[in-house]
Amino acid sequence: MGTAALSERDYVHQAVDQADLIVAIGHDTVEKPPFLMGPGGPQVIHVGYTPATVEQVFFPHAEVVGDVGPSLALLADRLESRVKAASALLPLREGILRQIMDRAAEDRFPPTPQRIVHDVRQVIPEDGIVALDNGMYKIWFARNYRTRVANTLLLDNALGTMGAGLPSAMMASILYPGQRVLAVCGDGGFMMNSQELETAVRLSLNLLVLILEDQAYGMIRWKQAVDKFPDWGLTFGNPDFVKYAAAYRARGWRVEKADGLAPTLEAAFKAGGVHLITVPVDYSENIRVLVDELRKPVLA
Amino acid sequence: MKGSDLLVAALENEGVERIFCVPGEENLDVVESLRRLRIQLVLTRHEQSAAFMAATYGRLTGRAGVCISTLGPGALNLVTGAAYADLGAMPMVMITGQKAIMTSRQARFQIVDVVATMKPLTKSSRQIVSTASIPTLVRDAFRVAQEERLGPVHLELPEDVAGEEINDPPPLVPPHPIDLPDGAPGCPRPSGNDDPRGRTAPLCSGLARAGRASQRPSRVSCAVWVSRSSIPKWASAPWQAARSFTWARQLSPSGITCIRP
């Protein structure tokens, strides 16, 4: 179905609401709840290395505890060809995919988050790694960026700290020097540990850092708007990121048109070394999609 | 041999290849010991990044990443990384310096109770009070960090312990693979008794250690699950049959039931 970037009323929750049973594989309640359990909702089986912690919103009815791989194989033994209505939710899935593709190819500038996620996916191969800092774009990447290989979208949904995007991408680049590695940061989070560009250059890493620039602590600004507070106290200025990159002897790029992002990423990956790419982002989609659109069901 | 040499030997014994570090005066013995060995020292420009990198190493490999900082301000800059690894279940070993503990020629200059600071942010936080305990404390730090639920461990090495000469160094504790009862020929299987209650604790923790050490395991596991339970999927993926046993707990007053292969 996709990822639940929100705890309720996201597309995926239409499936959750229709389900009789949810098998929660490896869920750890440090993560923002992917769904909220309550009285009368679907039954939940927890499959994990350790028992589930019991929470107000997560209290599984049964648990399978142990190495997850063998546990799943054994469950599959019992389920093979016995799940009768397994494809019942397929139309919903198709609807969700259509919804996610909406505006993914639109050429307004500054680009929408949907377009940015779409373009990043175009240039990152299946085993390439995208490491996110924390910010508004995490929700968009979690919902729209589809992966086929585990640990190829590194996001921190546990502590949710800002500033870890660049260091975590550097580590991925050290471990997988032959693969494409991209850090995606906001201008807020990037500047919290941007000094590590020097480390990345010194270590001769192959690494791209994409900065989504909105001159603000954008996620909090969004929440401020959702809560109907006036727009106040959350904006700042930035250095010229192209010159900033040059000062570290990295290469800086500024994306200035809607169809400029994917070719810039491609050219930077081909060149090798450390690159800093800045693109403005249009966060007006936040309210339209994550608040207004989610009030309506995907399939009426 | 000095305490710091023994510490670095114990890290090498754990297979540590690189250490992320912002050194301080209290780590200079450790830096010198590293210079003589094969472990790569990666300097970062802030301790927080060193911790984020070490934690991500743990996240991607299943083996504990290692970071080092000095006392006080350096150690306090690790705390966000400690919480990142603790909440995110990433195995990591953090080693911080400290002023001498047997004398106090600088009074309380720069001294913060780092062991206490790290306690609520780690699985374990301990001071190394003598060179004799270095091999066991380091081995145990990696054991704790790398077993489920994975997470960070903190060790504090005071500079006088690091610099102390050791005439008769204690032996290192070799790490050993954890053999799991996976049902393969020659491996123990559960006997005819279906009731696992007599072996729940060791079985559970033994199994729990297994999976994440290999890189990217969940792709295979989840692909098996999806393909065999006929749940529609969007991409086919190769899967391999996993042979093992596990047990299921029903949350009912009757207690525990067992699923056998």
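**Helix H12 of chain A**

Four residues of helix H12 (residues 285-292) of chain A are buried: A:Glu285, A:Asn286, A:Val289 and A:Leu290. They lie on the same side of H12(A), because they cover an arc of only 100° around the axis. The arc is taken over the directions from the helix axis to the C-beta atoms. An α-helix has 3.6 residues a turn, so residues three or four places apart point the same way.

A few conventions apply to everything here. The model is predicted: local features need pLDDT of at least 70 and side-chain atom pairs count only at pLDDT 80 or more, while totals for chains, interfaces and linings use all residues. Residues are numbered from 1 along each chain as its sequence is written, and chains are lettered from A and ligands numbered from 1 in the order in which they are written. A residue is buried if 20 or more other C-beta atoms, placed from the backbone, lie within 10 Å of its own, exposed if 12 or fewer do, and partly exposed in between. Helices (H or I, at least four residues) and strands (E, at least two) are DSSP runs, numbered from the N terminus.

On the face of H12(A) turned away from the buried side, A:Arg288 and A:Asp292 are exposed. The cover over the buried residues includes helix H4 (113-123), helix H5 (136-144) and helix H9 (218-226) of chain A. This rests on contact, meaning C-beta atoms, placed from the backbone, within 7 Å.

**The rest of chain A**

Chain A is divided into domain 1 (12-92) and domain 2 (106-290); the bounds come from an automatic or database domain assignment. The C-alpha centres of the two domains of chain A are 32 Å apart. Helix H3 (residues 90-101) of chain A has twelve residues and spans 17 Å from its first C-alpha to its last, close to the 16 Å expected at 1.5 Å a residue. The expected span is 1.5 Å times one less than the number of residues. Just after H3(A) comes A:Arg103, with a positive phi of about 65°.

Chain A also has an open sheet of six strands in the order S5-S4-S6-S7-S9-S8, with parallel pairing. Two strands pair if DSSP finds at least two bridges between them. Strand S5 (153-154) and strand S8 (251-254) of chain A are the edge strands, each pairing on one side only. Strand S7 (residues 207-213) and strand S9 (residues 274-280) of chain A run parallel and are joined by seven bridges, with A:Leu208 bridged to A:His275 in S9(A). Helix H11 (residues 261-271) of chain A packs on this sheet, where it touches S7, S8 and S9 of chain A, and its direction makes about 175° with that of S9(A). Such angles run from 0 to 180 degrees between N-to-C directions, with axes fitted to C-alpha atoms, for helices over the stretch in contact.

**Chain B**

Chain B has ten helices and eight strands, and 44% of its 261 residues are buried. Of its contacts between residues at least 6 apart in sequence, 74% join residues at least 24 apart.

Six strands of chain B form an open sheet with parallel pairing, in the order S2-S1-S3-S4-S6-S5. Its edge strands, strand S2 (40-43) and strand S5 (124-127) of chain B, each pair on one side only. From one strand to the next the twist averages 20°. Helix H7 (residues 134-146) of chain B packs on the sheet and touches S4, S5 and strand S6 (152-158) of chain B, with its direction at about 160° to that of S6(B).

Within this sheet, strand S1 (residues 18-22) and strand S3 (residues 65-69) of chain B pair in the parallel sense over four bridges. B:Phe20 stands opposite B:Cys67, and B:Cys21 has B:Ile68 as its bridge partner. S3(B) pairs with S4(B), also in the parallel sense, over five bridges; there B:Ile68 is bridged to B:Ile95. Five of the five residues of S3(B) are buried, so the strand is largely enclosed by the rest of the structure. B:Gly65, B:Cys67 and B:Ser69 point one way from S3(B), and B:Val66 and B:Ile68 the other way.

Strand S4 (residues 92-98) of chain B contains B:Gln98, which is buried, with 26 other C-beta atoms within 10 Å. Beyond four places in sequence, its contacts include B:Glu26, B:Leu71 and B:Val114.

Notes:
Two residues are in contact if their C-beta atoms, placed from the backbone, lie within 7 Å.
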